Amino acid sequence: MPNAQSNPPSTVSDVPSAAAQDACPGLVWAFRIRGDGTAEEFAECTLTAADRGRGGEGWLWLHLNLADARVAPYLRATALDVPLAALDLLLSADDHQQLHADGACVYGIFADLVYRLGGPTDDLGLLHFVATERLVLTGRRDGLNALEAVRRSLRAGTNTKTQTDLLETILLQVVAGVEAKAEDLGDELDAIEERLIVDLTDDVPKRLARTRRLAVRLHRLLATQRAAIGRFEQNVVRTTGKAHAMQTGHIAQRLDWLDHEVVALRDRAHLLQEEISLRMTDQTNRNLHLLTIVTTVLLPASVVSSIFGMNVGGLPLAQDRTGFVWSMLLLIGASALVFWILRRLGMLRR
């Protein structure tokens, strides 16, 4: 591990130097985890023989940008002590969430909220990871909320003694990020519901559609993660090595609880959307009813005006100076008669 930083972890640059990129292409950050669980961050790093599983103090966590085309050739050319299937999955473009164990190696893909400068967004990204007894490799193509949270935690002095502890922390941060997003969804639904009680404005259907879409995506994310952990728990008992040391029971419980909450939010959004649809349908029916009444009232006047507009001889009042007045009175009288009939029939009160 060359060129260790002497400054505190909080002063390490977020952008690896040019030397770091040459040493380990696509490097986003690197941590050396000592035997007592303390973490030291490095701005540049290379995979030495010790880091590849041949002795040395502590272990490494390297986080890589998989969008860098140089990462795959570098890792494949490096004699990493990881199964070929794990390395292939780390570098693949697979978008299916999964969790596997192969002896002392744990690897897989999990989805997480994309992290931008303003914080977590509504978009989802994929975290690829491999953990062995000497090395943890994580990779992403977009900034991820859970990784940023774990990085800040290590910089603040949080201890993580084992690789499986680090993976568990990352997965718990994924759940925590989704939980915070679910709370935001609940607040948004509260605001939409209160607005809907007062009046149905143009922005309410669009806001509700976005909220329901995010709830559906979060439910799909959580359900897939829970299924992946369930398969991992069933398959890990048949493996050898230390993969079974990863404790996933508490993560599965939080996923189950959170998924129930997200499903409740999804169903609530669906009910609100149905209410909006009913109110919009009712408003449309009212408009059509009003249009029908206006058309019916003006229909006799249209017939009369059409008769007087015919270009034939013998039309009444054609030579009378007061013909226009009498024709207008006839038009108004016909419309008034139809209006009175509709009112007597009770159609105007509907």
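Analyst: Let us begin with one residue. R268 is found in helix α7; helices (H or I, at least four residues) and strands (E, at least two) are DSSP runs, numbered from the N terminus. This is a predicted model, in which local features need pLDDT of at least 70 and side-chain atom pairs count only at pLDDT 80 or more, while totals for chains, interfaces and linings use all residues. Residues are numbered from 1 along each chain as its sequence is written, and side-chain values use heavy atoms, with hydrogens and water left out.

User: Is R268 buried, exposed or partly exposed, and which residues does R268 touch?

Analyst: A contact means heavy atoms within 4.5 Å. Not counting residues up to four places away in sequence, R268 touches G186, L189, D190 and E193. The C-alpha atoms of R268 and G186 are separated by 9.4 Å, although these residues are 82 apart along the chain.

User: How does I192 read on the points of burial and contact?

Analyst: I192 is found in helix α5. Its relative accessible area is 0%, so I192 is buried. With residues up to four places away in sequence not counted, I192 touches V204, R207, L208 and T211. I192 and D203 are 11 residues apart along the chain, and their C-alpha atoms are separated by 9.6 Å.

User: What does the chain as a whole contain?

Analyst: The chain has 8 helices and 7 strands. Of its 350 residues, 42% are buried. Among contacts between residues at least 6 apart in sequence, 69% join residues at least 24 apart.

User: How many residues has the largest nonpolar core, and which have the most contacts inside it?

Analyst: In soluble globular proteins, nonpolar side chains tend to be buried together. A nonpolar core is a set of buried Ala, Val, Leu, Ile, Met, Phe, Trp, Tyr and Cys residues joined through side-chain atoms within 4.5 Å. The largest one here has 54 residues, and W61 and I170 have the most contacts inside it. Among the elements that give two or more residues to this core are β1 (27-33), β3 (59-65), α4 (145-155) and α5 (163-198). α5 gives the most, with 12 residues. Leaving aside neighbours within four places in sequence, I170 is in contact with W61, L127, T138, A146, L147 and V150. Another core, of 23 residues, lies apart from this one, and L80, L87, L91 and I109 are among its members.

User: How do the axes of α5 and α6 cross?

Analyst: Axes are lines fitted to C-alpha atoms, for helices over the stretch in contact, and angles run from 0 to 180 degrees between N-to-C directions. Angles under 35 degrees count as roughly parallel, over 145 as roughly antiparallel, 65 to 115 as roughly perpendicular and the rest as oblique. The axes of α5 and α6 come within 10 Å and cross at roughly 155°. α5 and α6 are therefore roughly antiparallel to each other. The residues of α5 in this contact include V174, L185 and I192, and those of α6 include V204, L208 and T211.

User: At what angle do α4 and α5 pack?

Analyst: α4 and α5 pack at about 120°, with their axes 8 Å apart. α4 is therefore oblique to α5. In this contact N145, A146, L147, A149 and V150 of α4 meet L166, T169, I170, Q173, V174 and G177 of α5.

User: How are α6 and α7 placed relative to each other?

Analyst: The axes of α6 and α7 come within 8 Å and cross at roughly 155°. α6 and α7 are therefore roughly antiparallel to each other.

Methods:
Buried < 20%, exposed > 50% of the residue type's maximum accessible area, 1.4 Å probe, protein only.
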